[in-house]
Structure formats: structure tokens, C-alpha cells
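Student: Could you show me how to read a structure like this one, taking one feature at a time?
Tutor: Let us look at it together, and ask of each feature what it is and where it lies.

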Amino acid sequence: MDDHGTHDKLIGLLEERGAVHRIIEHEPEGATEAVNALRGNRPEQSAKCIVVMVKTGKKTKRYVLAVVPGDRRVDLGAVKALLGGVYAGFATPEVAERLAGSVSGTILPFSFDPELELVVDPALLEEDELFFNAARLDRSLALRTADYVAIAEPRTAPIAQAP
């Protein structure tokens, strides 16, 4: 998968909207804990992005891009309840990467696919600045939280398990 297209789309969007951000080059890494060390940010400043599949009926399902602070885990029960589902689980890597437009470990806290609903835990938005891999394993972004909210327009709900 060519992640550079999604990366370039994001950078273009941020520049077009005048978002305060900076690019951080680092060794290729997708694990939240390891990349926090490379970037020098606190874990709670990281946007951990997980694609969740929620069955809402026998033959219906929806996909959620669940974004939680890097020091927490996604609460699948909370995501299931939020969407009125009967089951919630992690999407397969193939589905997650197709919907997100990038490989696992580089998924953005933005959704460019109408099938992927963006839901962010409010605890993440308490930080002044967010950090996340920018659809590439070797490049991250630091983005002002207020700009993130204005551009991404996420639905917010408590979907993170406490650390």
C-alpha cells in the first residue's frame, strides 16, 4: 500500500486550513510506546488509532476509527454501546488498512472514507498538542489540538479504558 498518498493528502489539508503543525522525522516505527520515545512526547499526547468493526444486526456492520490517548486502550464495549451494536471487535488488518488508507501502525486520527466513522475519546482532546504517525512509519506529526478538532470534526465519546 502506498501510504504517501494519504500522507500527502493530510499535509495538503492541514496547510490549506492553516493548521499549526510540525513534521517529525524518525526511524520507522508503528508501536505507540516506541514511537513516543522517538518523538519525545508523553504517552497521553499520542493519538492511538484503531479501526473497530461493530455488528449492528445480523447482516449489517459499521466501522469506527476509534482514537484514544496513547496510554489507554479502546473499550470495545463502549464503542459497541455507542453504535447500538450487538458485537464489536477489531477490524481485520486488510479492512482497517483499506478504510484508513495506510498500513497498521500509521493510521491517522482522520477519516477520509465515508464508511469509517471517526470517534475520539475526550481525554485525548485535553492535551494542547497531539502526536501521531502521519500515514508513514518514518514520519509523525505534532498538531495543535484545536486545529485537529476544527478540521477532523470528530464525534467525541468516552471510548477509552483507564490506564
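Student: How many of the residues of strand E6 are buried?
Tutor: Keep in mind that this is a predicted model, and that a residue counts as buried when its relative accessible area is under 20%. In strand E6 (116-120), four of the five residues are buried, and the strand is therefore mostly covered.

Student: Which strands does E6 pair with, and in what sense?
Tutor: To read a strand, one looks for its bridges to other strands. E6 pairs with E3 in the parallel sense over five bridges, and in this pairing Tyr-63 stands opposite Leu-116 of E6. E6 is also joined to E9 by two bridges, again running parallel, and here Val-119 has Arg-155 of E9 as its bridge partner.

Student: What is the order of the strands in the sheet?
Tutor: The sheet is open and has five strands, in the order E5-E2-E3-E6-E9, with mixed pairing. Strand E5 (87-90) and strand E9 (155-156) each have a single partner strand and stand at the edges, so one side of each is left without a neighbour in the sheet. At the E5 end, four bridges join E2 to E5, and these two strands run antiparallel; one of the bridge partners is Gly-89 in E5, which faces Met-53.

Student: Now to the helices: which residues of helix H2 are buried?
Tutor: In H2 (residues 32-39) the buried residues are Thr-32, Val-35, Asn-36 and Arg-39. Seen down the helix axis, these buried residues fall within an arc of 110°, so they line one face of H2. Glu-33 and Ala-37, on the other side of H2, are exposed.

Student: What covers the buried residues of H2?
Tutor: The cover includes strands E1 (21-25), E2 (47-55), E7 (129-136) and E8 (139-144). After H2 comes Gly-40, and its phi is positive, near 80°.

Student: In the largest nonpolar core, which residues touch the most other members?
Tutor: A core is read by asking who belongs to it and who touches whom. This core has 32 residues, and Val-51 and Phe-110 touch the most other members. At least two residues of the core come from each of helix H1 (3-16), E2, E3 (61-69), helix H4 (93-100), E6, E7, E8 and helix H5 (145-152). Beyond its neighbours within four places in sequence, Phe-110 is in contact with residues including Leu-10, Leu-65, Leu-118, Phe-132 and Tyr-148. Apart from this core lies another, of 13 residues, among them Val-54, Val-64, Leu-83 and Ile-159.

Student: Is Glu-15 buried or exposed?
Tutor: Glu-15, whose place is in helix H1, has a relative accessible area of 54%, and because exposed means over 50%, it is exposed. Glu-15 and Leu-76 are 61 residues apart in sequence, and their C-alpha atoms are 34 Å apart in space.

Notes. Residues are numbered from 1 along each chain as its sequence is written. This is a predicted model: local features need pLDDT of at least 70, side-chain atom pairs count only at pLDDT 80 or more; totals for chains, interfaces and linings use all residues. Side-chain values use heavy atoms; hydrogens and water are left out. Buried means under 20% relative accessible area, exposed over 50%, partly exposed in between (1.4 Å probe, protein chains only). The arc is that of the directions from the helix axis to the C-beta atoms. Contact means heavy atoms within 4.5 Å. A nonpolar core is a set of buried Ala, Val, Leu, Ile, Met, Phe, Trp, Tyr and Cys residues joined through side-chain atoms within 4.5 Å. Two strands pair if DSSP finds at least two bridges between them.
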